[in-house]
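Me: Hi! I'm new to this one, could you walk me through it?
Reply: Happy to, here it is.

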Amino acid sequence: MISPDHKKFLLGNYASPVLEIVRGEGTRLWDSEEREFLDFTSGIAVTNIGHCHPQWTEKVSRQAQSLVHCSNLYSIPEQVRLAKRLTTAIGPGKMLFCNSGAEANEGLIKFARLASENPNFQGKHKILVADNGFHGRTMGALSATASQKYRQGFEPLLDGFEFAPLNDLDSFDRKLDDETVAVLVESIQGEGGIHEADDPFLQGLEKLCRERKALLMFDEVQSGIGRTGDFLGYQKAGVCPDAVALAKGLGGGFPIGAFWISEQWGEVFKPGSHGTTFGGSPMACAAAHAVLDVIENEGLVLAAKENGLVLRDGLTRLTGLFPDLLEEVRGRGLMLAVAMKKDPAELIGSLRENGLLVVGAGGNSIRFLPPLNVRVNEIEQALKITEDVLSSLQSKQSK
Ligand SMILES: Cc1ncc(COP(=O)(O)O)c(C=O)c1O
């Protein structure tokens, strides 16, 4: 039962919840009535190593006993080591740590502004982003988000953002003009309904950016940290960006965001140009190290690819069995969605009643985002629940 205080004391910006979650372990969550759920949401692509992984819990608990916060007035060894580790995974460059995905994208927007002071980039100020993308709820990140459903009520937003359809290189070509300082895209649009930027599009975009002297920036907040079967989603296309935003899976549930800037631009941020009180705290960095340790030790990037194929095959089989309800499967690795032919709310609700948690996304789709270390028998269990629920929805529909 949800406490009446929920509605009384919390602002109404989220849909009314129907579950009260109190405990998690691996791919499982329990509510306050001790009901058990298979969690194929991972807290919206956050708990990539599962809930309360023992190594994560141990490292975070140990850090809580030595130092939690000291601010960026001082050098934080765990932060320096994390920056070194991430630049090794991304490419030569530098990091700045913050607290969320929206903040990481704010960092990219500020980077684009600072870069426009460079002689090659002078006079440029526009940022070109993809339609149907999602970059966060702060005013800058929201300005980079095209969908009216997020923008409504908050305009006027920041000037200087232009939009073009994902995978339509001609449109990006037409809009990327002398005033464009940067292009910002997700390698797989998450909130928009799991739409992949295809490799030729990303390679074409990189070429356009180099020719016209614009920055190539990726929002890897949802698609990063192994979720797609590559450490970062854009890496599959073999392109080299100028900036990358990270958050969600990086802390495994502890809030941390970060952005990476390529070596060429490593000096644009100067003392005073940006900052945050909490960003890159010893606690947040310890959590991120624990995530990266588990990903490395347990081979979870490869696991996401392999488990993703099992889940994808199963979901594809279901689209064949239920053609009146399901349209197609999209995505790769463990960033998958099934697009439905109708509003998915009823299916999401019935799956929940039957012990499987999934999360909706744009375009009538349902995201399946289990942790990267989900077991094959858990995938099979999730598919069985989905098949049974779809069968009963189908028979209800044909009555
Ligand atoms: C691609 C992408 N960018 C940015 C964000 C915003 O992240 P946060 O909610 O941590 O601010 C999200 C959140 O869903 C996202 O999916």
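Me: Let's start with Gly238: is Gly238 buried or exposed?
Reply: Gly238 counts as exposed, because its relative accessibility is 55%. Buried means under 20% relative accessible area, exposed over 50%, and partly exposed in between, using a 1.4 Å probe and protein chains only.

Me: Before we go on, how should I read the numbers?
Reply: This is a predicted model, where local features need pLDDT of at least 70, side-chain atom pairs count only at pLDDT 80 or more, and totals for chains, interfaces and linings use all residues. Residues are numbered from 1 along each chain as its sequence is written, and side-chain values use heavy atoms, with hydrogens and water left out.

Me: Thanks! Where is the place of Gly238?
Reply: Gly238 sits in the loop between β10 (215-219) and β11 (243-246). Its C-alpha is 8.2 Å from that of Asp199, and the two are 39 residues apart in sequence.

Me: And how many helices and strands are there in the protein chain?
Reply: The protein chain has 13 helices and 17 strands. These are DSSP runs numbered from the N terminus: helices are H or I with at least four residues, strands are E with at least two.

Me: What share of the 399 residues is buried?
Reply: Buried residues make up 54% of them.

Me: Switching to the ligand: how many residues surround it, and which are the closest?
Reply: The ligand is surrounded by 13 residues, and the closest are Gly101, Ala102, Asp219, Gln222 and Lys248. A residue is near a molecule if one of its heavy atoms lies within 4 Å of it.

Me: Which part gives the largest share of that shell?
Reply: Helix α5 (residues 101-115) does, with 3 residues.

Me: What lies 2.8 Å from an oxygen atom of the ligand?
Reply: A backbone N or O atom of Gly101 does, and so does a polar side-chain atom of Gln222. For Asp219, an N or O atom in the side chain is 2.7 Å from a nitrogen atom of the ligand.

Me: Last topic, how many disulfides does the structure hold?
Reply: It holds 0 disulfides; a disulfide here is a pair of cysteine sulfur atoms within 2.5 Å.

How values were computed. Polar contact = N/O pair within 3.5 Å; in protein donor to acceptor, adjacent residues only side chain to side chain.
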